[in-house]
Amino acid sequence: MKSSPKTNAVSRRSVIQSVLGVAGMSTMVLPERSYAASPPPFQGYGKVKITRLETFLVKPRWIFLKVHTDAGVTGLGEPLLEGRALTIQTAIKEIEPYLIGKDPRQVVHHWQAIYRHAFYRGGPILTSALSGIDHALWDIKGKLLNVPVYELLGGPTRDRVRVYGRASTPDDMKKRKAEGYTVIKTGVAKQNPANIVENPKFIKYAVDNFASLREAGGDDMDIAIDFHGSISPQLAKVLIKELEPFKPMFIEEPCQAQNVDTMVDIARGTHLPIATGERIFTKWGFREILEKGAASIVQPDLCHAGGITEGRIIAGMAEAYYVPIAPHNPMGPISLAVGLNLAASVPNFLVQEQVTLGEGYLKNPFKLQKDGTVMIPQGPGLGIELDEAQLKDKIGHDWKNPETYNALDGSVVDW
């Protein structure tokens, strides 16, 4: 005999009251509204299914992803791994069977399934492929609900996002400043790849270059310097000490970040902010960096670290340590749109890297404002639309990572 909803409700009340009685609260009676009613059948909000995943290489070295649905809505993502484009395309193709026929709006569920159903979790290949898929699923969800992605993440915390340009010479600096940039990033000036320990001439050349940028940019320009993980810990300490009088905004990747304790040692030896994160993946990768104080600025790459879903978690973890995020992004305009949506939704944002505002790729490229910012997207999803006509002559590339060698003995060095 099938029980009625009323009988079920009474049964639930009896169970709750018996539990309360065991706790010595038998005289307490909960109001009727406190008892859970039988939930109605889930009605959903229209069925949507993923039909296919499409990737294509885009000059100069990017991969764009389109996730298609039977609702006619397409999501955009950028599942990039520089120098391993074909590998990432294959990874996307391997993940595709799981997604076909699934509802794209279950973004976090799909993230978990793709990540955890791989016996060997994490690593740059899986998380880069997963990142691009995550971008596209958030884009679809926003478009279906007709709101920007940052609205789905709690609404905007700011209306504009500070971005930085690049300069390596005083003339570059003056041009960037005239364009409106208030933040610039440069690299360590060198005539040859750095040795493990360098002489005063090498150090003077690098420091003098940075000093010339400071003079050209003035005290109101924030200038970060990227060691790119190609400087040894031994040399990094010396360079940082010599750069301190010129007040860099931060020192990025002072050495390779795999040995977190080495990063901690460098961070404790200077008052300058240390930044790292472009080669760190997922919340698990950033946990040790934050716990040990290896960096005071974290730079998750949203095309590698796990996409928007994971980027927001990393930002939340960092906030607990009073650490801001400055997302790494030497990639394309989809990646920039992703970064802008995340920056708009978290409180502890510092600055966004970019190398293109989307000219020649987007129908409505982003625009640098006079105050060195970009306004947050207003359209649904990621807020961008590819310009297919302008993309035609940019399809395909065979970009490879540089191969660098020691000038003296030909041994391999980092680039």
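This is a predicted model: local features need pLDDT of at least 70, side-chain atom pairs count only at pLDDT 80 or more; totals for chains, interfaces and linings use all residues.
Trainee: Where is N329 placed, and is N329 buried or exposed?

Mentor: Look up the element before judging the residue. N329 sits in the loop between α11 (307–319) and α12 (333–345). Buried means under 20% relative accessible area. N329 counts as buried because its relative accessibility is 1%.

Trainee: Which polar contacts does the side chain of N329 make?

Mentor: The side chain reaches the backbone nitrogen of M331 at 3.2 Å. A polar contact of 2.6 Å also joins the side chain of N329 to that of S335. Leaving out residues up to four places away in sequence, N329 touches several residues, including Q352, E353 and Q354.

Trainee: How many salt bridges are there in the whole structure?

Mentor: A search finds 23. In one of them, E252 pairs with K185, with the closest N and O atoms 2.8 Å apart. E252 lies in strand β7 (residues 251–252) and K185 in strand β5 (residues 183–187), so the pair ties together parts that are 67 residues apart in sequence. Both E252 and K185 are buried.

Trainee: What separates D208 and K204 in helix α7?

Mentor: About one helical turn, because the two are four residues apart in that helix (residues 200–217). D208 is partly exposed at 40% relative accessible area, while K204 is exposed at 52%.

Trainee: How do strands β2 and β3 pair, in the parallel or antiparallel sense?

Mentor: Strand β2 (residues 62–69) and strand β3 (residues 74–77) pair in the antiparallel sense, over four bridges. The bridge partner of L65 in β3 is G77. Four residues lie between the strands of this hairpin, where G72 takes a positive phi near 80°.

Conventions:
Residues are numbered from 1 along each chain as its sequence is written. Side-chain values use heavy atoms; hydrogens and water are left out. Buried means under 20% relative accessible area, exposed over 50%, partly exposed in between (1.4 Å probe, protein chains only). A polar contact is a pair of N or O atoms within 3.5 Å; within protein, one must be able to donate a hydrogen and the other to accept it, and residues adjacent in sequence count only if both atoms are side-chain atoms. Contact means heavy atoms within 4.5 Å. Two strands pair if DSSP finds at least two bridges between them. A salt bridge is a side-chain nitrogen of Lys or Arg within 4 Å of a carboxyl oxygen of Asp or Glu.
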